[in-house]
Amino acid sequence: MSAFELLQPSTLEEALEIIAAPGFAGRPVSGATAISLMRRAGVLNVDSLVSLERLRESMRGIHLASDGQAQVDGLVTLGEMENHAGLAASHPILPAVFATLANPRVRNVAMIGGYLAHGDPHMDLPPVLSALNARVLAQSVRGSREIPVDELYRGYYETSLEADELITRLVIPPQPACAHYKKVTTRARHDWPTLGIAAAFDMEDGRIVRPRIFIGAATDRPLRLVQAEAAVAGEAWTEALARRAAEAAAGEAVLVPDSHGSVEYKQALLRAHLPEVFERALKAPKPAARQA
Ligand SMILES: Cc1cc2nc3c(=O)[nH]c(=O)nc-3n(C[C@H](O)[C@H](O)[C@H](O)COP(=O)(O)OP(=O)(O)OC[C@H]3O[C@@H](n4cnc5c(N)ncnc54)[C@H](O)[C@@H]3O)c2cc1C
């Protein structure tokens with residue numbers, strides 16, 4: 001591993017100026033759980049790292065609005081999100097996702113900004129946050145902009161962030177009444193997923209409305225399943241509809257093979273597990289803001 005300079009800005013403004021400086025060829029660091037492995041493996045060689053540690057006190061809030069929207073500062077750890085009772089109540093889909101994401105040691109140091117910027121297509125949260133229609137706030141010396149999570153990923157480890165931008169906040173709209181994520185693993189349950197399926201929707205007069213279905217891990221970025229959404233929208237959930245939705249999903253999903261399995265295997269997983277995601281979403285605990 002090559003030597004590097006560690007820069008430790010004390011304010012967000014200072015950090016943004018460092019990464020925007022002409023000729024800067026370093027990387028920002030949040031929890032370092034991903035970047036340290038990439039450096040050790042020799043796939044990332046940079047001469048400086050910009051630690052965001054000293055900004056943590058001012059960027060570690062979780063703010064909940066009365067309508068159920070959540071705003072999570074970029075330097076909140078995954079463990080802090082996992083253990084936040086208010087977030088678990090407003091977005092009951094999340095605790096189960098965190099429970100099998102990596103392990104407590106990783107969750108206790110990895111931060112949501114670094115996590116989302118990492119761009120590993122196998123990550124669990126991107127399809128979940130895409131189904132929830134979440135967005136991130138990206139800040140730079142040029143200003144700030146919001147990027148929907150379903151537009152954040154361009155491909156394998158590639159995001160739509162500019163080199164001088166930091167993710168400083170995650171905004172999650174109120175969770176729909178029904179939502180569930182299924183992490184399908186071929187080995188241990190806390191392993192990286194072979195396939196991740198997330199669905200979120202509301203029910204009106206016994207019919208599914210505003211469905212959003214995303215898959216991850218078996219694709220090079222979270223993929224929205226628009227044909228499966230069209231198949232279920234406006235319909236009551238039945239076994240026949242489950243079969244139609246599963247066929248639509250398996251037919252439209254462009255999957256990639258890897259050490260977790262072939263395209264055919266992942267298609268079979270999608271066909272088998274999509275109905276279960278809907279059934280569990282229908283029975284899942286309702287978000288606090290919707291219970292009244
Ligand atoms: C053993 C192990 C198992 C894992 N299993 C899973 C799993 O099952 N499911 C899953 O979803 N994930 C899993 N992960 C991935 C893990 O979640 C990531 O390593 C972690 O979230 C990265 O967060 P971090 O804060 O440590 O990022 P860092 O390592 O600090 O940074 C990651 C990347 O983001 C950039 N960056 C950092 N902060 C910011 C910012 N605020 N704005 C813009 N760019 C930034 C860095 O330059 C780097 O490119 C696993 C990781 C490990 C080590």
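Arginine 60 counts as partly exposed because its relative accessibility is 34%, where partly exposed denotes the range between buried (under 20% relative accessible area) and exposed (over 50%), computed with a 1.4 Å probe on protein chains only. The side chain of arginine 60 meets that of glutamate 57 in a salt bridge with an N to O distance of 3.1 Å, a salt bridge being defined as a side-chain nitrogen of Lys or Arg within 4 Å of a carboxyl oxygen of Asp or Glu. Glutamate 57, at 65% relative accessibility, counts as exposed.

The structure is a predicted model, in which local features need pLDDT of at least 70 and side-chain atom pairs count only at pLDDT 80 or more, whereas totals for chains, interfaces and linings use all residues. Residues are numbered from 1 along each chain as its sequence is written, and side-chain values use heavy atoms, with hydrogens and water left out.

Across the whole structure, a search finds 18 salt bridges. One of them joins arginine 271 to glutamate 247, with the closest N and O atoms 3.0 Å apart. Because arginine 271 lies in helix α11 (residues 263-283) and glutamate 247 in helix α10 (residues 239-252), the pair ties together parts that are 24 residues apart in sequence; helices (H or I, at least four residues) and strands (E, at least two) are DSSP runs numbered from the N terminus. Arginine 271 is partly exposed at 35% relative accessibility, and glutamate 247 is also partly exposed, with a relative accessible area of 44%. Elsewhere, salt bridges that share partners join Arg56, Glu57, Arg60 and Glu80 into one network.

A further salt bridge is formed by arginine 212 and aspartate 150, whose closest N and O atoms are 3.1 Å apart. This pair links distant parts of the chain, 62 residues apart, with arginine 212 in strand β13 and aspartate 150 in the loop between β7 (143-148) and β8 (153-155). Arginine 212 counts as buried at 13% relative accessibility, whereas aspartate 150, at 28%, counts as partly exposed.

Strand β13 (residues 207-216) also holds valine 209, which counts as buried because its relative accessibility is 16%. When neighbours within four places in sequence are left aside, valine 209 is in contact (heavy atoms within 4.5 Å) with Phe201, Asp202, Met203 and Glu204. The C-alpha atom of valine 209 is separated by 5.4 Å from that of alanine 233, a residue 24 residues apart from valine 209 along the chain.
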